[in-house]
Structure formats: structure tokens, C-alpha cells
Amino acid sequence: MSEANRNSEKQTDTNRNMSSKADWPNETYAGTARDTWRIGNLEMTSRFFLGTGLFPNPFVQTEAIRASGAEVLTFAIRRVDLESAEDDSILQHLEPGAFQFLPNTSGSRTAEEAVRIARLARASGLSDWIKVEISADERTLLPDPIETLRATEILVKEGFTVLPYISDDPVICRKLEEAGAAAIMPGGAPIGTGLGILNPYNIGLIAEEASVPVIVDAGLGTASDAALAMELGASAILMNTPVAKAQDPVGMALAMRLAIEGGRLAHLSGRMPKKRYASASSGLQSLIVE
Amino acid sequence: MVELIINGSRREVEAATVVDVVRELGLAGRPVVAEVDGAVLTEEQWASTEVRTGMNIELVHFVGGG
């Protein structure tokens with residue numbers, strides 16, 4: 001089979017799965033029928049925030065967004081390339097008004113830089129949501145907790161809907177919530193690593209303690225990571241690289257969506273307790289062997 | 001002619017206001033945000049903001065990102 005045929009077969013598979021969405025248990029099972037959640041004034045059904053970087057081309061990105069079911073898309077803010085005549089704006093590929101935009105402050109190293117980027121983002125008139133992302137160094141891109149807290153305090157006062165990206169530390173997460181963050185976004189692992197959730201205990205504790213939505217952001221690699229985050233009690237997932245850098249980004253976007261729905265439903269349904277030894281499903285009474 | 005620093009580079013323009021700068025750079029109608037000497041402008045303020053030699057202008061937009 002040629003590469004092109006294989007790809008077209010894969011595409012068909014993806015389409016079939018998407019069109020069978022109506023048969024998905026979620027549609028008929030009452031437990032998640034009205035399982036919506038909210039940030040600020042926005043009520044959402046999807047629990048998948050999708051990033052818009054690194055996709056191979058705008059067509060694949062558009063299809064991946066559709067397959068993901070995402071209602072919130074993230075962006076970065078950068079200088080316009082004045083040497084390039086063509087319109088390289090990412091927004092030209094998106095249906096106006098169809099999505100909530102979540103610009104980030106990536107590239108900032110201090111609270112002041114993040115606040116500046118946030119103000120620029122809001123002046124676009126497209127969104128007053130801001131993902132505070134302040135990296136302490138380029139090798140790990142780990143968030144600087146002190147600067148993130150400072151930026152959150154400033155931006156909340158200026159009326160932004162603030163969603164800080166932060167390390168998986170339950171105490172700093174609590175402080176961000178107290179500072180008025182609309183959601184808390186702890187990382188599972190460093191940005192773009194695909195290492196999954198390195199500290200499930202912390203993510204679970206953060207989700208348990210928070211009274212604002214907890215969105216696991218960064219470091220996830222594949223569908224089981226997304227399912228685990230939801231099982232641990234996260235309200236949603238934000239990811240970019242695992243979808244954009246998959247061999248089939250559209251297929252992976254759908255896989256993540258289903259994993260998020262599966263993990264969410266498992267969380268709501270309550271898993272069985274773990275046991276150290278076996279426990280037969282049929283019991284040992286009335287055995288036919290003596 | 002005025003000499004401005006636009007996105008970190010020196011550039012001579014004929015423009016009298018920010019709206020002229022945006023037009024002269026071929027960015028009219030594009031979703032661009034302008035910052036002049038550290039102050040973020042709304043698009044309504046572009047026409048009334050005059051540019052003078054030495055002003056520092058940043059023109060930014062949304063790009064792909066997580």
C-alpha cells in the first residue's frame with residue numbers, strides 16, 4: 001500500500017469514528033449528559049483546550065481542531081514580521097467567533113513582561129482571558145512561581161480572566177487561587193516533553209483542594225496521560241505538542257478527546273478500590289470441583 | 001520623514017500617525033496590536049496618535065502557541 005493510500009485510509013477511519021460520536025455512551029448516559037463546566041461567564045461542554053503551535057500546516061490544524069471538539073484555543077503573541085508581505089496571521093484560518101481565545105504570555109521572564117504581553121493581547125479586542133506563562137529558564141521552561149503569582153495579582157486587578165500555568169505544587173496553586181485566578185493550570189511535566197504526569201499525587205491533591213477549575217497543562221504525551229489527568233480529578237486538559245507532533249494530528253486530536261471523556265466519566269463513576277491479592281468475580285460457593 | 005524604531009529596527013516612514021504607519025507597512029485590515037513607547041493603544045487611538053522621530057513602536061499579533 002502506498003503512503004498516500006495509507007494516509008487516506010487513516011483519514012477515513014478518523015471520519016468514521018467522528019461520525020459515530022452520536023452512538024457514544026456519553027450521548028445516552030445521563031451521568032454526563034449535562035456535565036458542563038464554567039470559567040468566568042463561559043459555560044463549556046468540551047474539556048479540551050488545544051494549542052495552535054507546531055502543526056504541519058493550517059489545513060491539518062483546522063481538521064485537528066474540529067476532531068478535538070475544543071471550544072478554547074491558545075495562542076502566543078509575537079512581533080509581526082515586517083519583511084514578509086503575506087498575511088501570516090493564524091486567525092485567518094479560523095472561523096470568527098467560533099472559539100474562546102486564550103492568548104499566553106510565553107517568552108516572558110518577569111511579571112512585568114507578562115503583564116505587558118497580556119495588555120497587548122487584550123488590546124486585540126479578541127479576548128480578556130490570559131494564560132500567564134513565565135519561564136524561569138529556557139532549558140526546562142519551568143514556570144517561575146514568584147513571578148507568576150505577582151503577574152496573576154496584577155492582571156486580576158486589571159480585570160483579566162487569569163489562567164496561570166504553574167508547577168504541580170499544591171501550595172502555590174492555592175495561593176494563585178487566593179489571588180483570584182479563574183483556573184489553575186499545573187503542568188504534568190515540562191512543556192513539550194511528552195513525559196506524562198510525573199507526580200500524580202500532587203495533581204490529584206491540587207484537583208481535590210481547588211475550588212476553581214484545574215486544567216492540566218503541559219508535558220502530556222498520549223491519550224492515557226489525558227485520561228489519567230481526568231481520573232485524578234482535573235476539570236480539563238490543555239495540550240498542543242502531543243497533537244501537533246503526532247504522525248496523524250487529526251487522529252490524535254480525536255484520541256485525546258475520547259480519552260478526556262473516558263477519564264472524566266471514570267472519575268465521576270468512582271473507581272473500585274485497589275487490592276493486593278486476587279478476588280474472584282464468581283465467588284467460591286457451589287464449585288463443581290470437590 | 002520620521003525615523004521610528006519599529007519592532008526593534010530603525011525605519012524611516014512618511015507616516016504622521018500610527019494608523020499611517022500601519023497602512024504604510026501594508027498591515028491595514030490585519031489583526032495587529034500597536035504599542036507606542038510602552039503604552040498599548042486601542043485601534044481607535046491609532047488615528048489620533050502622532051508619531052515623532054525616535055518613537056518606539058511595537059506591532060504584534062497572535063501566532064500559533066500553547
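Hi everyone, this is a short tour of how chain A and chain B meet and of the pocket between them in the listing. What we have is a predicted model, where local features need pLDDT of at least 70, side-chain atom pairs count only at pLDDT 80 or more, and totals for chains, interfaces and linings use all residues. Residues are numbered from 1 along each chain as its sequence is written, chains are lettered from A in the order in which they are written, and side-chain values use heavy atoms, leaving out hydrogens and water.

Let's start with the interface. Here 22 residues of chain B are in contact with 33 residues of chain A, contact being heavy atoms within 4.5 Å. About 2,300 Å² is buried between the two chains, 61% of it from carbon and sulfur atoms; that is accessible area (1.4 Å probe) lost on putting the parts together, summed over both. H61(B), F62(B) and G66(B) supply 32% of what chain B buries against chain A, more than any other three residues.

How many salt bridges cross this interface? The rule finds three, each needing a side-chain nitrogen of Lys or Arg within 4 Å of a carboxyl oxygen of Asp or Glu. E83(A) and R11(B) also meet in a salt bridge, at 3.0 Å, N to O.

Now, the largest pocket. It is lined by 34 residues, and S106(A), E133(A), L141(A), I191(A) and G66(B) lie nearest its centre. A pocket here is an open set of points on a 1 Å grid over the protein atoms alone, where a 1.4 Å probe fits, with protein on both sides within 12 Å along at least five of seven lines; lining residues have an atom within 4 Å of a point.
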